[in-house]
Amino acid sequence: MTLTILPPYKTCDLPAGTLAWREAGSGTPVVLIHGVGMQSAAWGPQFAALSANHRVIALDMPGHGKSSALPEGAQLPDFVEWLRGALDVLELDDVSLAGHSMGALISGGFAATYPERLERVALLNGVYRRSEQAREAVIARADVIRAGGFDLETPLARWFGDGAEDQAARVHVSDWLGQVNLDGYATAYGAFARGDETYSDRLGDITCPLFAITGDGDLNSSPAMAEAMANAAQVGRAIVINGHRHMVNLTAPDAVNAVLLDWLATTAVATAQGETS
């Protein structure tokens, strides 16, 4: 995987500290939010494809990249309110919002809370109503991280297969994980671990088109979860990309970009259904 040349950082002040983002293109705004341990650079393959006709703004999540962390113990609603503040200071409304993993939780929560501010929402490799066993496991990982344990290899093994595309992407992801602020990482992971049901009963409040996208090999953000999220939304569609795991926007950039371009063209009611590609 070869990343495109990334736009330079921009920063501004929020009440909670610094907001950092990368931006390219012009037109209607598309806001991208990465997952735990990543940074705005993780959307590199999407910048060229989406910025040709849109203003693409990839945010650094709190405590990641150059954005300030939220206070220890912050939970998913705090991250949703952080996003509201970020869109306010950037003077953005009528946004197309896409999030990956933790970013998908934030995006789904924002869409349920502030539906009037969005044109559409895309949830990439999102989690939704984990099993009790899975919830206990991810909370246990969050507690280990909060106690100072940082295991780089376990998530990489879970997110990537042995293929050339996966291994090329793994190099970049390993580098981003190695740069992460450990306190910010721990706070975000704690919210991620406990956030899968926070807005699960409110997806029906989302009035804009919702795409739920994942890989068929992503066991923790499963195709069944994507289909359930699409079915819960008023205007939902699930897309499953075959042969890929958790980091589909990096390991299957052409397929994901095609789906996102289709998403950006979606304005009418779509039938909630599952698709594979």
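Lys and Arg count here as positive and Asp and Glu as negative, with His and the chain ends not counted. By that count, the protein has 18 positive and 32 negative side chains. The place of a charge is NZ of Lys, CZ of Arg, CG of Asp or CD of Glu. The centres of the two sets lie 2 Å apart.

This is a predicted model: local features need pLDDT of at least 70, side-chain atom pairs count only at pLDDT 80 or more, and totals for chains, interfaces and linings use all residues. Residues are numbered from 1 along each chain as its sequence is written, and side-chain values use heavy atoms, leaving out hydrogens and water.

**Fold and dimensions**
- The protein holds ten helices and nine strands, taken as DSSP runs (helices H or I, at least four residues; strands E, at least two) numbered from the N terminus.
- Its radius of gyration is 17 Å, close to the 19 Å of the globule rule for 277 residues, so the protein is as compact as a globular protein of that length.
- That radius is taken over C-alpha atoms, and the rule is 2.2 Å times the number of residues to the power 0.38.

**Burial and core**
- Of the 277 residues, 56% are buried, meaning under 20% relative accessible area with a 1.4 Å probe, protein chains only.
- The largest nonpolar core has 71 residues, and L59, M102 and V173 have the most contacts inside it.
- Such a core is a set of buried Ala, Val, Leu, Ile, Met, Phe, Trp, Tyr and Cys residues joined through side-chain atoms within 4.5 Å.
- A second, separate core of 22 residues includes V30, W43, I241 and V259.

**Contacts**
- Contact means heavy atoms within 4.5 Å.
- Among contacts between residues at least 6 apart in sequence, 78% join residues at least 24 apart.

Key. Buried < 20%, exposed > 50% of the residue type's maximum accessible area, 1.4 Å probe, protein only.
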